[in-house]
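I opened this model to look up its charge pairs, its core and its fold. My notes follow in the order I checked things.

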Amino acid sequence: MKSPISYLPLASGFLVLVLSLTVGVLTVTSKGSSNLASNTNQNLATKAAEENATMALSPATGDFVVDGKTSYPVGIIVNSSGKTIDGVDIILTFDPKKIQVNGTTVTVTNSFEQYPVNKIDNVKGEIRLSALAFTPKAITGIVGTFRVKPIARGQATINFQFAPGATTDSNIADHATAQDILGSVTNASFNFQ
């Protein structure tokens, strides 16, 4: 009969093997959890970005002819991402040496009940539009249109005046929180030829 001490090397080897496997499993599980947490954070960030309200100009790009008489329609799109809103403020800027906007006001839709500010300024190169909803609602669609006439060749942009969190620029007022929920904007860049 073998003495118990003779099994010691075998038992030690088995213990090392079990501990190694345990450490390996914990390491893989830990990395998997870390990747899962990372993916979850990315998914939450993506979902939050998708839930932010947006403003866009349509078309956002295009090639247009400078002939001194032809003008092209541009739509202002508001998407509250399903959130109920009380109103919007829109401030657009453009280079008046390259673009002339027809008229003195934006042609508005019935998306909102009242438009207390509606002004096109071809001297400053600015469009201002404010809209109010007396019955708060979610908005997705065109809230106004205007026509641009190219007056100089080259690249020309129309930009939303927007900085996240600022309240004196373009914004969307959330009914539930009274906070600005505008998360991103899509400006327009045209090629005049």
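**Salt bridges**

I searched for salt bridges and got 3 in the structure. This is a predicted model, and I read it as such.

I took the pair E113 and K137 to begin with. Their side chains meet in a salt bridge at 3.5 Å, N to O. I then looked up where each partner sits. E113 lies in the loop between strand 6 (107–108) and strand 7 (114–121), and K137 lies in strand 8 (residues 126–137), so the pair ties together parts that are 24 residues apart in sequence. E113 has 38% relative accessibility and counts as partly exposed. K137 is also partly exposed, with a relative accessible area of 25%.

Next I turned to E126. Its side chain meets that of K124 in a salt bridge of 3.6 Å, N to O. A salt bridge also links the side chains of E126 and R128, at 2.9 Å, N to O. I noted that shared partners join K124, E126 and R128 into one network. How exposed is each member? I looked up the values one by one. E126 is at 12% relative accessibility, so I log E126 as buried, the cut-off being under 20%. K124 is at 55% and counts as exposed. R128 has a relative accessible area of 35% and is partly exposed.

I wanted to know which side chain of opposite charge is nearest to D174. It is K83, 6.5 Å away. D174 is buried yet has no salt bridge.

What does the D174 side chain make a polar contact with? I found the side chain of T177, at 2.8 Å. I placed D174 in strand 11 (residues 171–174). I also listed what D174 touches, leaving out residues up to four places away in sequence: K83, T84, I85, D86, Q179 and I181.

**The nonpolar core**

I moved on to the largest nonpolar core, which has 37 residues. Which members touch the most other members? They are I76, I90, F146 and I158. Strand 4 (residues 85–94) gives the most to this core, with 5 residues. I kept one general point beside this entry: in soluble globular proteins, nonpolar side chains tend to be buried together.

I followed F146 in detail. Leaving out residues up to four places away in sequence, F146 touches L57, Y72, P73, V74, I76, L92, V101, I127 and I158. Two of these, I76 and I158, are named with F146 among the core members that touch the most others.

**The whole chain**

I finished with the overall picture. The chain holds 1 helix and 13 strands. Read from the N terminus, the order is α-β-β-β-β-β-β-β-β-β-β-β-β-β. I looked up burial for the 193 residues, and 28% of them are buried.

My last entry is the surface. The accessible surface of the chain comes to about 11300 Å², and 59% of that belongs to carbon and sulfur atoms.

Methods
Residues numbered from 1 in each chain as written. Predicted model: local features only at pLDDT ≥ 70, side-chain atom pairs only at ≥ 80, totals over all residues. Heavy atoms only, no water. Core = buried A, V, L, I, M, F, W, Y, C linked by side-chain atoms within 4.5 Å. Buried < 20%, exposed > 50% of the residue type's maximum accessible area, 1.4 Å probe, protein only. Helix = DSSP H or I, 4+ residues; strand = E, 2+ residues; numbered from the N terminus. Contact = heavy atoms within 4.5 Å. Areas by Shrake-Rupley, 256 points an atom, 1.4 Å probe, with all protein chains shown as cover. Lys, Arg positive; Asp, Glu negative; His and termini not counted. Salt bridge = Lys/Arg side-chain N within 4 Å of Asp/Glu carboxyl O. Polar contact = N/O pair within 3.5 Å; in protein donor to acceptor, adjacent residues only side chain to side chain.
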